Amino acid sequence: MHKHSKIYIAGHKGMVGAAIWRNLEKKGYQQLIGVSRQELDLKNQTEVSRFFAQEKPSVVIDAAAKVGGILANNNHPYPFLMDNLVIQNNLIESSLEAGVEKFIFLGSSCIYPKMAEQPLREEALLTGSLEPTNQWYALAKIAGVKACEAIRKQYQKDYVSLMPTNLYGPFDNFDLETSHVLPAMIRKFHEAKEAGDQPVKLWGSGTPLREFLHVDDMAEAVCFAIETTFSENLYNVGTGEDLTIRALAELIQKITGHRGDIIWDSSKPDGTPRKLMDVSKMTQAGWKASIGLEDGIKSTYQWFLENQATFKEVKI
Ligand SMILES: NC(=O)c1ccc[n+]([C@@H]2O[C@H](COP(=O)([O-])OP(=O)(O)OC[C@H]3O[C@@H](n4cnc5c(N)ncnc54)[C@H](OP(=O)(O)O)[C@@H]3O)[C@@H](O)[C@H]2O)c1
């Protein structure tokens with residue numbers, strides 16, 4: 001891949017898209033394209049097709065999606081299924097039509113069955129039932145993986161799917177209803193500390209095991225994918241290490257300096273008991289994560305403190 005190749009990052013204002021943009025810009029890629037939702041609604045097939053015919057990118061990174069935590073997914077099944085299907089279909093189809101040679105589809109670890117053997121291997125895809133709370137989003141992502149696989153098989157193009165574990169970092173969504181667990185905890189502990197070390201109420205039992213990857217590591221993985229020709233369609237991206245939600249809460253409590261109690265609200269759903277990626281395929285391909293969890297949370301908390309007035313709160 002040349003530094004002057006035209007690279008379109010769909011969703012470049014989102015947490016992941018923005019991190020990919022920063023990474024590629026820093027590495028000297030000169031022709032990055034990004035358009036806001038106001039300029040191009042990715043749900044509009046005609047407009048997306050026209051945009052591709054005009055811009056003719058060589059590489060497309062699909063970091064645009066409707067993204068949210070357990071409760072948002074559970075309460076809004078239709079947009080989590082349909083918006084994601086429509087956005088990815090438009091991007092994949094237009095890429096094929098416009099002769100895009102490299103397409104990077106970003107999915108999520110929730111594509112794997114709820115009870116799949118841990119750590120989750122790529123081969124576990126479609127071997128069992130999905131976690132009910134986010135099955136809508138997962139189904140859309142599975143369709144995206146399969147669309148890329150079909151193009152690879154039929155047209156021999158390097159359309160690849162990267163499945164990140166839970167991501168966190170700058171520009172995350174810090175809304176307490178729709179966010180993922182890690183940014184929600186950062187905000188809750190910080191605000192409870194500011195209010196005089198009030199108790200912090202957290203969702204679920206604290207026992208599920210989760211893995212977290214800093215979004216700058218994810219951006220490195222995407223850059224690696226741009227510069228690598230893959231022999232297969234599907235690759236997990238994570239750290240290969242997990243911890244309980246309780247241990248995560250204690251780590252964030254320490255980093256934010258909160259000294260009050262933690263109360264677990266077991267009326268809220270826990271989700272899958274464990275979600276750890278087997279990252280050996282990506283490691284063999286030549287990439288591994290480098291940002292440790294404690295360092296990653298410290299820098300994200302710092303970003304949160306510096307962006308109090310403007311951090312993102314997604315409402316559904
Ligand atoms: N966050 C995670 O923990 C995580 C984990 C695994 C995988 N991923 C995957 O990574 C990708 C990016 O996630 P993210 O966390 O960066 O999400 P995000 O911050 O919500 O960013 C998504 C981006 O998509 C754009 N978008 C959504 N609908 C659109 C539409 N109809 N037209 C144009 N743009 C639209 C959004 O635009 P607006 O800014 O206008 O809303 C936003 O810029 C997704 O595929 C997600 O599945 C994320």
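Helix α8 (residues 245-256) has twelve residues, which should span 16 Å at 1.5 Å a residue, and its end C-alpha atoms are 16 Å apart, which agrees. The expected span is 1.5 Å times one less than the number of residues in the helix. This is a predicted model: local features need pLDDT of at least 70, side-chain atom pairs count only at pLDDT 80 or more, and totals for chains, interfaces and linings use all residues. Residues are numbered from 1 along each chain as its sequence is written, and side-chain values use heavy atoms, with hydrogens and water left out.

**Helices**

- Helices (H or I, at least four residues) and strands (E, at least two) are DSSP runs, numbered from the N terminus.
- Buried means under 20% relative accessible area, exposed means over 50%, and partly exposed lies in between (1.4 Å probe, protein chains only).
- In α8, the buried residues are Ile 245, Leu 248, Ala 249, Leu 251, Ile 252, Gln 253, Ile 255 and Thr 256.
- Gly 257 follows α8 and has a positive phi, near 80°.
- Helix α4 (residues 77-97) has 21 residues. From first C-alpha to last, α4 reaches 30 Å, close to the 30 Å expected at 1.5 Å a residue.
- Buried residues of α4 include Phe 80, Leu 85, Ile 87, Leu 91 and Ile 92. Asp 83, Asn 84, Gln 88, Asn 90, Ser 94 and Ser 95 of α4 are buried too.
- After α4 comes Gly 99, with a positive phi near 75°.

**Salt bridges**

- Side chains of opposite charge can pair when their charged atoms come close.
- A salt bridge is a side-chain nitrogen of Lys or Arg within 4 Å of a carboxyl oxygen of Asp or Glu. The count by this rule is 19 salt bridges.
- Asp 158 pairs with Lys 102, with the closest N and O atoms 2.6 Å apart. Asp 158 lies in strand β5 (residues 158-164) and Lys 102 in strand β4 (residues 102-106), so the pair ties together parts that are 56 residues apart in sequence.
- Asp 158 and Lys 102 are buried. A network of salt bridges links Lys 102, Arg 152 and Asp 158.
- Lys 146 and Glu 149 form a salt bridge at 3.0 Å, N to O. Both lie in helix α5 (residues 135-155), three residues apart, about one turn of the helix.
- Lys 146 is partly exposed at 35% relative accessibility, and Glu 149 is partly exposed at 32%.
- Arg 121 bridges to Glu 123, with the closest N and O atoms 3.6 Å apart. Arg 121 is partly exposed at 44% relative accessibility. Glu 123 is partly exposed, with a relative accessible area of 48%.

**Aromatic pairs**

- Rings of Phe, Tyr and Trp (its six-membered ring) pair if their centres lie within 6.5 Å; planes under 30 degrees apart count as stacked, over 60 as edge-to-face and the rest as tilted.
- The structure has 13 aromatic pairs. The ring centres of Phe 230 and Tyr 235 are 4.5 Å apart and their planes are at 45°, so this pair is tilted.
- Phe 230 and Tyr 235 are both buried.
- The ring centres of Tyr 301 and Phe 304 are 6.4 Å apart and their planes are at 20°, so this pair is stacked.
- Tyr 301 and Phe 304 are in helix α10 (residues 293-306), three residues apart, about one turn of the helix. Both Tyr 301 and Phe 304 are buried.
- Ring pairs join Phe 171, Phe 174, Tyr 301, Trp 303, Phe 304 and Phe 311 in a cluster.

**Cavity and pocket**

- On a 1 Å grid over the protein atoms alone, a cavity is a set of points where a 1.4 Å probe fits but cannot get out. A pocket is an open set with protein on both sides within 12 Å along at least five of seven lines, and lining residues have an atom within 4 Å of a point.
- The whole structure has one cavity of 30 Å³ or more. The largest cavity holds about 60 Å³ of space.
- Residues lining the largest cavity include Ser 109, Tyr 112, Glu 131, Thr 272 and Arg 274. By class, this lining has four nonpolar, four polar and four charged residues.
- The second largest pocket has a volume of about 290 Å³. Its lining has 18 residues, of which Phe 212, Thr 239, Gly 240, Glu 241 and Ile 291 lie nearest its centre.
- The lining of the second largest pocket has eight nonpolar, five polar and five charged residues.
- Ala, Val, Leu, Ile, Met, Phe, Trp, Tyr, Cys and Pro count as nonpolar, Asp, Glu, Lys and Arg as charged, and the others, Gly among them, as polar.
- Grid points are joined across faces, edges and corners, and a volume is the space filled by probe spheres set on the points.
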